[in-house]
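Subject: Structure handover

Hello,

Here is the structure for you to take over. Please open it first, then read the notes below it.

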Amino acid sequence: MAKNKLIGPFVQLLTMDKLPLMGSLNDSQLEIVPNGGVVVCDGKIVRVGNFDQLYSAYSGRLTIERIDGDMVAMPGMIDPHTHICWAGSRANDYSLRLAGKSYPEIAQSGGGIGDTVLKTRTANSEELEARLTERAIGHLKNGVTTIEVKSGYCLNTAGEIKLLEVIRNVNQKLPVDLIATCLAAHIKPADFNGSPADYLESIVKELLPEIKNRGLSKRIDIFIDKGAFTPEEARPYLIQAKQMGFDLVIHGEQFTTGGVALSCELGAISVDHLEAIQDQEIKLLAASNVIPVALPGASLGLGCQFAPARKLLDAGCSLAIGSDWNPGSAPMGDLLMQTAILGIFEKMTMAESLAAITFRAAAALGLTDRGVLRIGLLADMIGFPTSDYREILYNQGSLKPSMIWKRGGIL
Ligand code: NIG
Ligand code: FE
(Lines give C-alpha, C1' and ligand atoms only; values in the text may rest on other atoms or scores of the structure.)
(Ligands and ions follow the chains in the order given, each with its own letter.)
Protein backbone atom coordinates (compact mmCIF):
# COMPACT_ATOMS: atom_id res chain seq x y z
CA MET A 1 0.00 0.00 0.00
CA ALA A 2 1.29 3.46 -0.88
CA LYS A 3 2.39 5.53 2.06
CA ASN A 4 0.90 8.82 3.15
CA LYS A 5 3.18 11.85 3.14
CA LEU A 6 2.57 15.00 5.16
CA ILE A 7 3.95 18.19 3.60
CA GLY A 8 4.31 21.31 5.75
CA PRO A 9 4.10 23.31 7.87
CA PHE A 10 3.16 26.25 5.66
CA VAL A 11 2.70 29.65 7.29
CA GLN A 12 -0.32 30.00 5.02
CA LEU A 13 -2.00 27.37 2.91
CA LEU A 14 -4.13 29.06 0.25
CA THR A 15 -6.53 26.31 -0.79
CA MET A 16 -8.62 28.24 -3.40
CA ASP A 17 -11.46 25.99 -2.19
CA LYS A 18 -15.15 26.89 -1.73
CA LEU A 19 -15.12 29.73 -4.28
CA PRO A 20 -17.68 30.18 -7.06
CA LEU A 21 -16.75 29.56 -10.68
CA MET A 22 -18.40 32.76 -11.84
CA GLY A 23 -18.47 36.39 -10.80
CA SER A 24 -16.41 38.78 -8.71
CA LEU A 25 -14.49 37.65 -5.61
CA ASN A 26 -13.31 39.42 -2.46
CA ASP A 27 -10.02 38.57 -0.80
CA SER A 28 -11.97 37.87 2.41
CA GLN A 29 -13.51 34.86 0.64
CA LEU A 30 -10.12 33.16 0.34
CA GLU A 31 -9.64 30.12 2.58
CA ILE A 32 -6.26 30.51 4.25
CA VAL A 33 -5.19 27.71 6.59
CA PRO A 34 -2.54 28.98 9.03
CA ASN A 35 0.26 26.53 9.96
CA GLY A 36 -1.12 24.35 7.19
CA GLY A 37 -0.29 20.86 6.06
CA VAL A 38 -1.28 18.63 3.16
CA VAL A 39 -1.34 14.83 3.27
CA VAL A 40 -0.76 13.24 -0.11
CA CYS A 41 -0.88 9.65 -1.32
CA ASP A 42 -0.55 8.23 -4.85
CA GLY A 43 -0.36 11.73 -6.32
CA LYS A 44 -3.60 12.92 -4.76
CA ILE A 45 -4.54 15.03 -1.79
CA VAL A 46 -5.81 12.95 1.14
CA ARG A 47 -6.18 15.63 3.82
CA VAL A 48 -5.76 19.40 4.13
CA GLY A 49 -5.61 21.17 7.49
CA ASN A 50 -3.59 22.23 10.50
CA PHE A 51 -0.12 20.65 10.30
CA ASP A 52 0.11 19.65 13.97
CA GLN A 53 -3.40 18.18 14.03
CA LEU A 54 -2.72 16.17 10.88
CA TYR A 55 0.54 14.93 12.39
CA SER A 56 -1.16 13.65 15.53
CA ALA A 57 -4.17 12.27 13.65
CA TYR A 58 -1.84 9.92 11.80
CA SER A 59 0.21 9.28 14.99
CA GLY A 60 3.42 8.95 13.04
CA ARG A 61 2.06 6.59 10.35
CA LEU A 62 3.32 8.76 7.55
CA THR A 63 6.49 10.27 6.18
CA ILE A 64 7.08 13.96 6.70
CA GLU A 65 8.33 16.40 4.10
CA ARG A 66 9.18 19.23 6.45
CA ILE A 67 9.24 22.83 5.25
CA ASP A 68 11.92 24.93 6.92
CA GLY A 69 11.36 28.67 6.94
CA ASP A 70 8.43 30.81 5.83
CA MET A 71 6.41 29.44 2.97
CA VAL A 72 2.99 30.07 1.45
CA ALA A 73 1.53 27.22 -0.60
CA MET A 74 -1.22 27.30 -3.22
CA PRO A 75 -2.40 25.09 -6.08
CA GLY A 76 0.01 24.79 -9.02
CA MET A 77 -0.77 27.40 -11.67
CA ILE A 78 -2.64 26.33 -14.81
CA ASP A 79 -2.00 28.03 -18.15
CA PRO A 80 -5.09 27.40 -20.29
CA HIS A 81 -3.75 28.91 -23.53
CA THR A 82 -0.32 28.63 -25.16
CA HIS A 83 1.25 28.06 -28.58
CA ILE A 84 4.67 26.92 -27.34
CA CYS A 85 5.40 24.31 -30.01
CA TRP A 86 7.11 26.40 -32.67
CA ALA A 87 10.43 26.89 -34.45
CA GLY A 88 12.17 30.17 -35.33
CA SER A 89 11.88 33.68 -33.98
CA ARG A 90 9.74 36.68 -34.83
CA ALA A 91 12.08 39.29 -33.40
CA ASN A 92 11.83 40.98 -36.78
CA ASP A 93 8.03 41.32 -36.40
CA TYR A 94 8.58 42.84 -32.98
CA SER A 95 11.04 45.42 -34.29
CA LEU A 96 8.53 46.35 -37.02
CA ARG A 97 5.80 46.76 -34.38
CA LEU A 98 8.07 49.03 -32.37
CA ALA A 99 8.52 51.03 -35.57
CA GLY A 100 4.75 51.47 -35.79
CA LYS A 101 3.55 48.61 -38.03
CA SER A 102 0.38 46.77 -36.98
CA TYR A 103 0.01 42.99 -36.46
CA PRO A 104 -2.15 42.58 -39.63
CA GLU A 105 0.21 44.76 -41.69
CA ILE A 106 3.19 42.65 -40.64
CA ALA A 107 1.31 39.44 -41.47
CA GLN A 108 0.47 40.77 -44.95
CA SER A 109 4.09 41.68 -45.64
CA GLY A 110 5.50 38.19 -45.00
CA GLY A 111 5.77 38.08 -41.20
CA GLY A 112 3.12 36.94 -38.78
CA ILE A 113 1.76 33.43 -38.31
CA GLY A 114 2.68 32.49 -41.91
CA ASP A 115 6.37 33.07 -41.19
CA THR A 116 6.32 30.76 -38.16
CA VAL A 117 4.45 28.17 -40.27
CA LEU A 118 7.30 28.11 -42.82
CA LYS A 119 9.92 27.61 -40.09
CA THR A 120 7.90 25.07 -38.10
CA ARG A 121 7.13 22.98 -41.18
CA THR A 122 10.84 22.58 -41.95
CA ALA A 123 11.86 21.80 -38.35
CA ASN A 124 12.04 18.09 -37.58
CA SER A 125 10.35 16.47 -34.58
CA GLU A 126 13.56 16.29 -32.51
CA GLU A 127 14.15 20.01 -32.87
CA LEU A 128 10.53 20.82 -32.03
CA GLU A 129 10.64 18.50 -29.02
CA ALA A 130 13.74 20.29 -27.77
CA ARG A 131 12.12 23.74 -28.10
CA LEU A 132 8.86 22.63 -26.51
CA THR A 133 10.74 20.91 -23.68
CA GLU A 134 12.73 24.08 -22.92
CA ARG A 135 9.60 26.22 -22.78
CA ALA A 136 7.55 23.71 -20.77
CA ILE A 137 10.35 23.34 -18.21
CA GLY A 138 10.64 27.13 -18.01
CA HIS A 139 6.92 27.35 -17.24
CA LEU A 140 7.10 24.52 -14.71
CA LYS A 141 10.00 26.19 -12.89
CA ASN A 142 7.81 29.29 -12.62
CA GLY A 143 5.08 27.21 -10.99
CA VAL A 144 2.85 26.28 -13.92
CA THR A 145 2.03 22.59 -13.41
CA THR A 146 -0.53 22.22 -16.25
CA ILE A 147 -0.03 23.80 -19.68
CA GLU A 148 -2.40 23.80 -22.62
CA VAL A 149 -0.43 23.63 -25.90
CA LYS A 150 -1.90 24.30 -29.33
CA SER A 151 -0.73 23.01 -32.69
CA GLY A 152 -1.43 25.44 -35.53
CA TYR A 153 2.00 26.22 -36.98
CA CYS A 154 2.05 23.63 -39.78
CA LEU A 155 -1.47 23.88 -41.18
CA ASN A 156 -1.47 20.67 -43.23
CA THR A 157 -2.42 17.16 -42.18
CA ALA A 158 1.07 15.67 -41.83
CA GLY A 159 2.47 18.75 -40.13
CA GLU A 160 -0.34 19.17 -37.61
CA ILE A 161 -0.04 15.47 -36.72
CA LYS A 162 3.71 16.02 -36.29
CA LEU A 163 3.07 18.86 -33.84
CA LEU A 164 0.46 16.96 -31.83
CA GLU A 165 2.80 13.96 -31.62
CA VAL A 166 5.61 16.21 -30.43
CA ILE A 167 3.29 17.54 -27.72
CA ARG A 168 2.32 13.99 -26.73
CA ASN A 169 5.97 12.84 -26.57
CA VAL A 170 7.07 15.78 -24.43
CA ASN A 171 4.04 15.27 -22.18
CA GLN A 172 5.15 11.68 -21.61
CA LYS A 173 8.72 12.73 -20.77
CA LEU A 174 8.14 15.67 -18.41
CA PRO A 175 6.40 15.82 -15.04
CA VAL A 176 4.27 18.78 -16.20
CA ASP A 177 0.88 17.98 -17.83
CA LEU A 178 0.53 19.22 -21.40
CA ILE A 179 -3.06 19.43 -22.69
CA ALA A 180 -3.01 19.34 -26.51
CA THR A 181 -5.40 21.37 -28.67
CA CYS A 182 -5.64 21.16 -32.46
CA LEU A 183 -5.45 24.67 -33.95
CA ALA A 184 -5.23 23.65 -37.60
CA ALA A 185 -7.85 26.39 -38.11
CA HIS A 186 -5.38 29.14 -37.15
CA ILE A 187 -5.35 30.72 -40.63
CA LYS A 188 -5.74 29.34 -44.14
CA PRO A 189 -2.15 28.51 -45.17
CA ALA A 190 -0.75 30.42 -48.17
CA ASP A 191 -0.18 27.21 -50.16
CA PHE A 192 -3.75 25.87 -49.80
CA ASN A 193 -5.66 25.94 -53.09
CA GLY A 194 -9.23 26.84 -52.28
CA SER A 195 -11.42 29.01 -50.09
CA PRO A 196 -11.22 29.29 -46.26
CA ALA A 197 -14.36 27.10 -46.15
CA ASP A 198 -12.64 24.48 -48.33
CA TYR A 199 -9.65 24.51 -46.01
CA LEU A 200 -11.83 23.97 -42.93
CA GLU A 201 -13.69 21.18 -44.75
CA SER A 202 -10.37 19.49 -45.51
CA ILE A 203 -9.48 19.56 -41.80
CA VAL A 204 -12.79 17.87 -40.95
CA LYS A 205 -12.32 15.21 -43.63
CA GLU A 206 -8.61 14.43 -43.31
CA LEU A 207 -7.09 15.69 -40.08
CA LEU A 208 -9.72 15.35 -37.35
CA PRO A 209 -10.41 11.63 -38.00
CA GLU A 210 -6.65 11.00 -37.83
CA ILE A 211 -6.37 12.91 -34.54
CA LYS A 212 -9.23 10.82 -33.14
CA ASN A 213 -7.72 7.54 -34.34
CA ARG A 214 -4.39 8.35 -32.74
CA GLY A 215 -5.91 9.85 -29.60
CA LEU A 216 -3.82 13.01 -30.01
CA SER A 217 -6.27 15.65 -28.78
CA LYS A 218 -9.84 16.10 -27.57
CA ARG A 219 -10.00 19.83 -28.25
CA ILE A 220 -10.11 22.01 -31.35
CA ASP A 221 -9.59 25.75 -31.58
CA ILE A 222 -10.24 28.27 -34.37
CA PHE A 223 -9.10 31.87 -34.85
CA ILE A 224 -12.18 33.94 -35.71
CA ASP A 225 -11.10 37.42 -36.75
CA LYS A 226 -10.05 39.69 -39.57
CA GLY A 227 -7.32 37.90 -41.55
CA ALA A 228 -8.34 34.47 -40.18
CA PHE A 229 -11.90 33.00 -40.36
CA THR A 230 -15.34 34.61 -40.28
CA PRO A 231 -18.05 33.32 -37.91
CA GLU A 232 -19.96 32.07 -40.99
CA GLU A 233 -16.96 30.03 -42.12
CA ALA A 234 -16.31 28.79 -38.60
CA ARG A 235 -19.88 27.63 -37.77
CA PRO A 236 -20.06 24.47 -39.94
CA TYR A 237 -16.52 23.55 -38.96
CA LEU A 238 -17.26 23.82 -35.26
CA ILE A 239 -20.58 21.97 -35.56
CA GLN A 240 -18.93 19.06 -37.33
CA ALA A 241 -16.02 18.94 -34.90
CA LYS A 242 -18.46 18.92 -32.00
CA GLN A 243 -20.40 16.07 -33.60
CA MET A 244 -17.10 14.16 -33.78
CA GLY A 245 -16.76 14.60 -30.03
CA PHE A 246 -14.23 17.44 -29.83
CA ASP A 247 -14.46 20.16 -27.21
CA LEU A 248 -14.60 23.60 -28.81
CA VAL A 249 -12.35 26.55 -28.02
CA ILE A 250 -12.38 29.86 -29.86
CA HIS A 251 -9.87 32.69 -30.37
CA GLY A 252 -12.43 35.48 -30.41
CA GLU A 253 -12.82 39.23 -30.21
CA GLN A 254 -9.09 39.98 -30.44
CA PHE A 255 -9.63 42.69 -33.06
CA THR A 256 -13.26 42.31 -34.22
CA THR A 257 -16.51 40.87 -32.80
CA GLY A 258 -18.13 37.58 -33.78
CA GLY A 259 -16.26 34.84 -31.92
CA VAL A 260 -18.02 35.33 -28.60
CA ALA A 261 -21.56 35.05 -29.98
CA LEU A 262 -20.61 31.87 -31.83
CA SER A 263 -18.92 30.39 -28.76
CA CYS A 264 -22.16 30.92 -26.79
CA GLU A 265 -24.36 29.63 -29.61
CA LEU A 266 -22.37 26.41 -29.95
CA GLY A 267 -21.43 25.84 -26.32
CA ALA A 268 -17.65 26.23 -26.52
CA ILE A 269 -15.67 25.52 -23.35
CA SER A 270 -13.81 28.81 -23.55
CA VAL A 271 -13.44 31.92 -25.67
CA ASP A 272 -10.03 33.53 -25.47
CA HIS A 273 -8.58 37.05 -26.13
CA LEU A 274 -11.59 39.44 -25.80
CA GLU A 275 -9.57 42.64 -26.11
CA ALA A 276 -12.28 44.00 -28.45
CA ILE A 277 -15.35 42.61 -26.66
CA GLN A 278 -18.44 44.87 -26.44
CA ASP A 279 -21.17 45.14 -23.76
CA GLN A 280 -23.64 43.02 -25.72
CA GLU A 281 -21.18 40.13 -25.92
CA ILE A 282 -20.32 40.45 -22.23
CA LYS A 283 -24.04 39.92 -21.51
CA LEU A 284 -24.10 36.83 -23.71
CA LEU A 285 -21.09 35.38 -21.90
CA ALA A 286 -22.56 36.07 -18.47
CA ALA A 287 -25.67 34.10 -19.44
CA SER A 288 -23.63 31.16 -20.76
CA ASN A 289 -21.28 28.47 -19.43
CA VAL A 290 -18.44 29.60 -21.70
CA ILE A 291 -15.32 30.59 -19.75
CA PRO A 292 -13.77 33.88 -20.92
CA VAL A 293 -9.97 33.73 -21.00
CA ALA A 294 -7.98 36.97 -20.93
CA LEU A 295 -4.54 36.96 -22.55
CA PRO A 296 -2.62 39.95 -21.15
CA GLY A 297 0.59 38.63 -22.74
CA ALA A 298 -0.91 39.34 -26.17
CA SER A 299 -1.80 42.91 -25.16
CA LEU A 300 1.76 43.39 -23.88
CA GLY A 301 3.27 41.85 -27.02
CA LEU A 302 1.17 43.97 -29.38
CA GLY A 303 1.00 47.10 -27.24
CA CYS A 304 -2.80 47.23 -27.22
CA GLN A 305 -5.63 47.35 -24.67
CA PHE A 306 -6.30 44.55 -22.19
CA ALA A 307 -9.47 42.46 -22.15
CA PRO A 308 -11.99 44.23 -19.85
CA ALA A 309 -11.55 41.82 -16.96
CA ARG A 310 -13.26 44.03 -14.38
CA LYS A 311 -16.35 44.47 -16.55
CA LEU A 312 -16.54 40.74 -17.27
CA LEU A 313 -16.35 39.83 -13.58
CA ASP A 314 -18.84 42.51 -12.55
CA ALA A 315 -21.25 41.21 -15.19
CA GLY A 316 -21.09 37.82 -13.46
CA CYS A 317 -18.74 36.03 -15.86
CA SER A 318 -15.99 33.67 -14.83
CA LEU A 319 -12.49 34.76 -15.86
CA ALA A 320 -9.37 32.70 -16.52
CA ILE A 321 -6.00 34.07 -17.62
CA GLY A 322 -3.63 32.43 -20.10
CA SER A 323 -0.17 33.47 -21.23
CA ASP A 324 -0.89 32.95 -24.97
CA TRP A 325 2.88 32.32 -25.14
CA ASN A 326 3.72 32.32 -28.86
CA PRO A 327 6.44 33.72 -31.14
CA GLY A 328 4.32 36.57 -32.48
CA SER A 329 1.79 38.34 -30.31
CA ALA A 330 2.97 37.07 -26.91
CA PRO A 331 6.68 36.26 -26.69
CA MET A 332 7.10 36.86 -22.92
CA GLY A 333 5.60 33.68 -21.47
CA ASP A 334 5.47 34.69 -17.80
CA LEU A 335 1.94 33.86 -16.62
CA LEU A 336 2.29 35.18 -13.07
CA MET A 337 3.81 38.50 -14.16
CA GLN A 338 1.10 38.98 -16.78
CA THR A 339 -1.59 38.17 -14.23
CA ALA A 340 -0.18 40.74 -11.82
CA ILE A 341 -0.06 43.38 -14.57
CA LEU A 342 -3.62 42.70 -15.76
CA GLY A 343 -4.72 42.81 -12.13
CA ILE A 344 -3.33 46.26 -11.39
CA PHE A 345 -4.63 47.79 -14.66
CA GLU A 346 -8.07 46.19 -14.45
CA LYS A 347 -8.45 46.39 -10.66
CA MET A 348 -8.90 42.69 -10.13
CA THR A 349 -8.79 41.56 -6.52
CA MET A 350 -6.05 39.15 -5.53
CA ALA A 351 -8.72 36.46 -5.15
CA GLU A 352 -9.91 37.04 -8.73
CA SER A 353 -6.36 37.01 -10.12
CA LEU A 354 -5.37 33.83 -8.28
CA ALA A 355 -8.67 32.13 -9.24
CA ALA A 356 -7.96 33.01 -12.88
CA ILE A 357 -4.75 30.95 -12.93
CA THR A 358 -5.97 28.04 -10.77
CA PHE A 359 -9.50 26.60 -10.66
CA ARG A 360 -11.02 28.96 -13.22
CA ALA A 361 -8.21 28.08 -15.64
CA ALA A 362 -8.89 24.38 -14.94
CA ALA A 363 -12.53 24.98 -15.90
CA ALA A 364 -11.39 26.60 -19.16
CA LEU A 365 -9.71 23.26 -19.91
CA GLY A 366 -12.70 21.22 -18.77
CA LEU A 367 -10.58 19.75 -15.94
CA THR A 368 -12.22 19.06 -12.58
CA ASP A 369 -9.30 17.26 -10.93
CA ARG A 370 -7.02 20.23 -10.19
CA GLY A 371 -6.75 23.94 -9.40
CA VAL A 372 -7.87 23.61 -5.77
CA LEU A 373 -6.17 22.06 -2.72
CA ARG A 374 -9.00 19.69 -1.77
CA ILE A 375 -9.32 16.02 -0.82
CA GLY A 376 -9.35 13.77 -3.88
CA LEU A 377 -7.76 16.25 -6.28
CA LEU A 378 -4.25 16.13 -7.75
CA ALA A 379 -1.49 17.16 -5.35
CA ASP A 380 -0.14 19.85 -7.69
CA MET A 381 1.16 22.57 -5.43
CA ILE A 382 3.63 25.45 -5.36
CA GLY A 383 5.35 27.16 -2.43
CA PHE A 384 6.50 30.79 -2.32
CA PRO A 385 9.22 31.86 0.12
CA THR A 386 7.11 34.36 2.06
CA SER A 387 4.74 34.47 5.03
CA ASP A 388 1.95 36.51 3.38
CA TYR A 389 0.12 35.33 0.23
CA ARG A 390 -0.37 38.95 -0.86
CA GLU A 391 3.38 39.17 -1.56
CA ILE A 392 2.83 36.90 -4.58
CA LEU A 393 0.97 39.48 -6.69
CA TYR A 394 2.50 42.49 -4.92
CA ASN A 395 5.90 41.48 -6.30
CA GLN A 396 4.33 41.55 -9.78
CA GLY A 397 5.76 38.24 -10.86
CA SER A 398 9.31 38.71 -9.58
CA LEU A 399 8.67 36.49 -6.54
CA LYS A 400 8.87 32.98 -7.98
CA PRO A 401 7.88 29.74 -6.24
CA SER A 402 10.87 28.04 -4.63
CA MET A 403 9.15 24.65 -4.27
CA ILE A 404 6.98 22.82 -6.76
CA TRP A 405 5.09 19.55 -6.29
CA LYS A 406 3.54 17.65 -9.20
CA ARG A 407 1.24 14.79 -8.20
CA GLY A 408 2.69 15.01 -4.71
CA GLY A 409 6.29 14.60 -5.85
CA ILE A 410 8.73 17.42 -5.19
CA LEU A 411 10.54 18.64 -8.28
O1 NIG B 1 -3.42 34.01 -29.82
N2 NIG B 1 -4.43 35.42 -32.59
C3 NIG B 1 -4.06 34.35 -33.07
N4 NIG B 1 -3.07 33.56 -32.72
C5 NIG B 1 -2.08 33.84 -31.71
C6 NIG B 1 -0.88 34.51 -32.28
C7 NIG B 1 -0.05 33.59 -33.04
C8 NIG B 1 1.15 34.24 -33.65
O9 NIG B 1 1.22 35.46 -33.81
O10 NIG B 1 2.05 33.46 -33.98
C11 NIG B 1 -2.66 34.61 -30.55
O12 NIG B 1 -2.37 35.80 -30.36
FE1 FE C 1 -3.58 32.34 -28.85
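Helix α6 passes helix α7 in a right-handed crossing. This is a predicted model, so please read every value below as computed from it. α6 covers residues 157–173 and α7 covers residues 196–214. Their axes come within 10 Å and cross at roughly 30°. Angles under 35 degrees count as roughly parallel. α6 and α7 are therefore roughly parallel to each other.

Which residues of α6 and α7 meet? From α6 they are Thr157, Glu160, Ile161, Leu164, Glu165 and Arg168. From α7 they are Glu206, Leu207, Glu210, Ile211 and Arg214. By class, this contact of α6 with α7 has six charged, four nonpolar and one polar residue.

Next, α7 and α8

Helix α8 spans residues 231–243. Its axis and that of α7 come within 9 Å and cross at roughly 10°. That angle makes α7 roughly parallel to α8. On the α7 side, the contact is made by Pro196, Leu200, Glu201, Ile203, Val204 and Leu208. On the α8 side, Glu233, Ala234, Tyr237, Gln240 and Ala241 take part. The classes here are eight nonpolar, one polar and two charged residues.

Then α8 and α9

Helix α9 runs over residues 259–266. The axes of α8 and α9 come within 11 Å and cross at roughly 30°. α8 and α9 are therefore roughly parallel to each other. α8 passes α9 in a right-handed crossing. α8 brings Pro231, Ala234, Arg235, Leu238, Ile239 and Lys242 to the contact. α9 brings Leu262, Glu265 and Leu266. This contact of α8 with α9 divides into six nonpolar, no polar and three charged residues.

Empty space inside

Rolling a probe the size of a water molecule over the atoms shows where empty space is left. How many cavities of 30 Å³ or more does the count give? It comes to one cavity. The largest cavity has a volume of about 100 Å³. It is lined by 13 residues, and the closest to its centre are His83, Tyr103, His186, Asn326 and Ser329. By class, that lining has four nonpolar, seven polar and two charged residues.

Two backbone points

Most residues other than glycine have a negative phi, and most peptide bonds are trans. Two places are worth a look with that in mind.

A cis peptide bond joins Gly8 and Pro9, with omega at about -5°. Where is Pro9? Pro9 is in strand β1, which covers residues 5–14.

Lys18 has a positive phi of about 60°, although Lys18 is not a glycine. Lys18 lies in the loop between β1 and β2, and β2 is residues 32–41.

In short, please look at these: the pairings of α6 with α7, α7 with α8 and α8 with α9, the cavity of about 100 Å³, the cis bond at Gly8 and Pro9, and the positive phi at Lys18.

Best wishes

Methods
Residues numbered from 1 in each chain as written. Chains lettered and ligands numbered in written order. Predicted model: local features only at pLDDT ≥ 70, side-chain atom pairs only at ≥ 80, totals over all residues. Heavy atoms only, no water. Axes fitted to C-alpha atoms, helices over the stretch in contact; angles between N-to-C directions. Helix = DSSP H or I, 4+ residues; strand = E, 2+ residues; numbered from the N terminus. Parallel < 35°, antiparallel > 145°, perpendicular 65-115°, else oblique. Left-handed = near helix turned anticlockwise from the far one by under 90°. Contact = heavy atoms within 4.5 Å. Nonpolar A, V, L, I, M, F, W, Y, C, P; charged D, E, K, R; others polar. 1 Å grid on protein atoms, 1.4 Å probe; cavity = no way out; pocket = protein on both sides within 12 Å on 5 of 7 lines; lining within 4 Å. Points joined across faces, edges and corners; volume = space filled by probe spheres on them.
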